[in-house]
Amino acid sequence: MDKFVITGGKPLCGEVTIGGAKNAAVAIIPAVILADSPCRLENLPNISDVTIIVEILRQMGAVVKRVNKHTLDIDPTPIKTHVAEYDLVRNMRASYYLLGALLGKFSKARVSMPGGCDFGVRPIDQHLKGFEALGAEVSPIEKGMIDLKASELRGSSIYFDTVTVGATMNIMLAAVKATGLTIIENAAREPHVVDLANFLNTMGADVRGAGTDVIKIRGVESLRGVSYSIIPDQIEAGTYMAAVAGAGGDVLIKNIIPKHLESITAKLLEMGVDIEENDDSLRIVRTEPLHKCNIKTMPHPGFPTDMQPQIAAVLTVAKGTSIVNESVWENRFRYIEELRRMGVRASVDGRLAIFEGVEHLEGARVKAVDLRAGAAMIIAGIMAHGVTEIEDIKHIDRGYEDIIEKFRGIGAEISRSTSSPDSFAIAN
Ligand code: EPZ
């Protein structure tokens, strides 16, 4: 079982280049199904979540050619099936975008239910509410499969009871070829929602208002294959920013869209970090002790929940008491147990975590309980005095391309090793 080994306690210096956004890629790749001719997708992150969704399309009949590490040519025209039931589908949460894309393409879809997740229940009731509003009949879930059928998809008005990224993007995928006008209210405003809308419009769709809480979609007859480049990953950028804030140092972060990082930048400035923004890069410097600060995760443009574990790792050494309020997910603090092994002083009460800043963290053996928690453990290891070993790193490989190489490139002492089974386990 692979693990990361980190010797921490040193500042970070140098340059790091950010890749394409995971949460845009996992929606835009299924959207290719809607095109009547091949697409070329550029600036795709080379991560296992992308590999999986591409393999699912290939298993459905798409012809996929790798142009280079970050560019794929995908011809969806051989896809004739509306069914996606492979094991791969069940193991990846974002497979639910296949529902919207297949419904939009074939007026029917049959997809395995998405897997659970590490931080609580992840319902899809708003996705199904939107599909029904468009005229789809949702059959009772049998054998873990979701079955949608529509005699004809017709535009409709949909109000989401809660702001949901997945349902906003999924309904967009189904509505672009529905007859008439669809209005989505209380829509998610994340950068990847806008990126999907831009991709669909490049293919000839008519999506207006993405990035606001009201999105209007007028259905069109057909969508053509195009070339499109995915936006940079705001969470990957934020993760490296948090690492510099925690470890100290001076790093240039390249290939970013500063506007997508506004809430992260604002909080780091509040903690006493210096940030100098350029058009598509920023320089982050931290030399002074960090101030405490309170964080409340919110849908965009609020502070992103996917940065919550990473910023919390930094707050563990900020002078004073910091409070983190996780308002999006019901249980996204499991990583704090792991941080406690490194000397962190924290208490959790429901959706609130309270951190008492300590002088420094101590290296320890810890686990990555999910993708962003894993990133937080890497940040903690780089900050800590001594050696940290992180197990269960498969989660991290799902969403961060070349994370070892990128951290080494800015001076972190980190390596991947294949650990032998624990001697105690053998004794047993
Ligand atoms: C997306 O998940 C992201 N995943 C998550 O990132 C991210 O945490 C989340 O959006 C919020 O930004 C992908 O894009 C692949 P939601 P999603 O629907 O779409 C409730 C990462 O680390 N809800 O916006 O599943 C839900 O329970 C991952 O990259 C319903 O009640 O999230 C949650 O409380 C982790 N009913 C809230 O809405 C629904 O039908 C937000 O969920 C759907 C959601």
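Gly19, Gly20, Lys22, Pro45, Ile47, Asp233, Glu236, Gly399, Tyr400 and Glu401 line the largest cavity of this predicted model. The volume of this cavity is about 60 Å³. Its lining comprises three nonpolar, three polar and four charged residues. Because domain 1 (3–19 + 232–417) and domain 2 (22–229) both contribute residues to that lining, the largest cavity lies between them.

In total, the structure contains four cavities of 30 Å³ or more. The table sets out both cavities.

| Cavity | Volume | Lining by class |
|---|---|---|
| Largest cavity | about 60 Å³ | three nonpolar, three polar and four charged residues |

Across the whole structure, a search finds three aromatic pairs. In one of them, the ring centres of tyrosine 240 and phenylalanine 407 are 4.7 Å apart and the ring planes meet at 50°, so this pair is classed as tilted. The pair connects distant parts of the chain, with tyrosine 240 in helix α8 (residues 234–247) and phenylalanine 407 in helix α14 (residues 403–409), 167 residues apart. Tyrosine 240 and phenylalanine 407 are both buried.

Methods:
Residues are numbered from 1 along each chain as its sequence is written. This is a predicted model: local features need pLDDT of at least 70, side-chain atom pairs count only at pLDDT 80 or more; totals for chains, interfaces and linings use all residues. Side-chain values use heavy atoms; hydrogens and water are left out. On a 1 Å grid over the protein atoms alone, a cavity is a set of points where a 1.4 Å probe fits but cannot get out, and a pocket is an open set with protein on both sides within 12 Å along at least five of seven lines; lining residues have an atom within 4 Å of a point. Grid points are joined across faces, edges and corners, and a volume is the space filled by probe spheres set on the points. Ala, Val, Leu, Ile, Met, Phe, Trp, Tyr, Cys and Pro count as nonpolar, Asp, Glu, Lys and Arg as charged, and the others, Gly among them, as polar. Domain bounds come from an automatic or database domain assignment. Rings of Phe, Tyr and Trp (its six-membered ring) pair if their centres lie within 6.5 Å; planes under 30 degrees apart count as stacked, over 60 as edge-to-face and the rest as tilted. Helices (H or I, at least four residues) and strands (E, at least two) are DSSP runs, numbered from the N terminus. Buried means under 20% relative accessible area, exposed over 50%, partly exposed in between (1.4 Å probe, protein chains only).
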